Amino acid sequence: MSSPPSHVRSGLTAEQGGPDGPEGAPEGAETVSASPAYAGPPLVVAVTGAASGVGERLAVRLAASPGVRRVLAIDERRGAVTGVQWRVLDVRDPAVAERLAGVDVVVHLALDLGMSTDPKARSAFNVRGTQTVLTAAAAAGVHRVVLCTSAMVYGALADNDVPLAEDAPLRATEEATLVGDLLEIERLAQRAPNAHPGLSVTVLRPAVVVGPGVDTVLTRHFEAPRLLVVAGSRPCWQFCHVDDLAAALEYAALGLVEGEVTVGCDGWLEQEEVEEITGIRRMELPATLALGTAARLHRLGLTPAPAGDLAYTMYPWVVSGSRLHEAGWRPLHTNEEALGELLEQVSGNHAVAGRRLGGKDAATTLGAAGATVALVGTAALVRRARKRRRM
């Protein structure tokens with residue numbers, strides 16, 4: 001299936017706000033979609049991870065939302081958002097239950113998605129933090145918890161429907177990667193209502209998230225000298241701007257969407273469209289070479305992502321966002337706009353297989369224009385460095 005026409009891909013947009021975001025908005029949040037129609041009683045909402053990223057953007061939205069009476073912002077440091085009550089603590093601390101007294105809804109966004117963190121430490125933080133928040137919320141009488149994982153949990157497979165429905169099976173593979181953390185969080189979300197009667201859990205699964213401060217192996221894909229394409233694959237690219245994700249999280253916090261909810265720009269981009277927009281040419285490699293080299297680099301500790309993550313640049317994992325659309329949510333950004341913003345943000349960076357290069361690495365590895373040379377050259381550079389150290 002080819003990408004739908006541009007008027008279909010990007011025509012379903014909400015009315016934009018003014019040129020300036022609300023007071024206390026993070027830098028770069030220039031347009032804010034209107035608050036959703038909500039007729040229930042004003043809620044007290046707690047947001048973990050509120051000092052930065054999408055948590056910061058959500059805290060700003062909720063502080064201005066007519067459906068929210070009070071916002072409790074929780075993080076390991078005090079952030080810059082005004083009009084909220086700050087609680088500085090680690091979400092793994094059981095004392096978080098005391099801080100949630102009187103809270104109606106918790107939106108848990110305190111996740112470590114960094115590529116430089118030790119995988120074991122990252123998993124311990126993400127999984128234990130989610131467990132603690134769910135248990136603390138139930139103990140405090142919170143009636144709804146909102147979690148955010150990724151559409152990556154569906155897996156990227158050649159036979160995926162385009163787009164995927166919310167209730168499609170989760171077929172991602174579990175490797176020593178961030179996707180493993182997200183799948184475990186999904187399992188915690190599924191078990192929580194049975195373990196804690198009266199607690200409902202909503203999970204948002206965004207497409208490739210882009211926006212200020214977002215740095216993932218998928219955004220680094222566009223820092224390469226060539227766009228790596230595996231022969232015989234069918235890439236379909238769908239993005240989700242952080243501001244649209246924050247708006248979707250507001251819908252979930254207010255209970256306007258429930259269960260498993262996907263979020264992203266309308267439609268998707270075929271590989272040819274991506275190349276036309278970016279101006280970056282492709283380098284097509286046989287699957288055995290691309291996957292084998294990626295696996296070797298990861299085993300050597302040279303790249304942050306395992307070879308299995310390459311599938312997300314090979315096969316489609318586009319989502320429909322149907323539940324959000326039925327609730328009235330619309331993205332403010334198109335895939336084209338989100339990709340254009342991503343290109344501006346990564347300008348000047350150089351990465352291969354998720355490993356960002358600098359100095360001699362960039363000059364040597366990227367001096368050759370091919371992704372093949374870049375992939376293999378990265379390993380060669382490090383091997384030579386190791387030999388010199390042993391001499």
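Modeller: Phe 222, Trp 237 and Phe 239 are linked into a cluster by ring pairs. Rings of Phe, Tyr and Trp (for Trp, the six-membered ring) pair if their centres lie within 6.5 Å; planes under 30 degrees apart count as stacked, over 60 as edge-to-face and the rest as tilted. This is a predicted model, in which local features need pLDDT of at least 70 and side-chain atom pairs count only at pLDDT 80 or more, while totals for chains, interfaces and linings use all residues. Residues are numbered from 1 along each chain as its sequence is written, and side-chain values use heavy atoms, with hydrogens and water left out.

A search of the whole structure finds four aromatic pairs. In one of them, the ring centres of Phe 222 and Trp 237 are 5.0 Å apart and the planes are at 65°, so this pair is edge-to-face. It links distant parts of the chain, 15 residues apart: Phe 222 is in the loop between strand E7 (208–210) and strand E8 (227–230), and Trp 237 is in strand E9 (residues 236–237). Helices (H or I, at least four residues) and strands (E, at least two) are DSSP runs, numbered from the N terminus. Phe 222 and Trp 237 are both buried, where buried means under 20% relative accessible area, exposed over 50% and partly exposed in between (1.4 Å probe, protein chains only).

Phe 222 also forms an aromatic pair with Phe 239, a tilted one, with 6.1 Å centre to centre and 55° between the planes. Phe 239 lies in strand E10 (residues 239–241) and Phe 222 in the loop between E7 and E8, so this pair ties together parts that are 17 residues apart in sequence. Phe 222 counts as buried because its relative accessibility is 4%. Phe 239 counts as buried because its relative accessibility is 0%.

Elsewhere, a cis peptide bond joins Val 162 and Pro 163, with omega at about 5°. Most peptide bonds are trans. Pro 163 lies in the loop between strand E5 (144–148) and helix H5 (178–195).

Helix H2 (residues 53–64) packs against helix H6 (residues 242–253) at an angle of about 55°, and their axes are 9 Å apart. Axes are lines fitted to C-alpha atoms, for helices over the stretch in contact, and angles run from 0 to 180 degrees between N-to-C directions.
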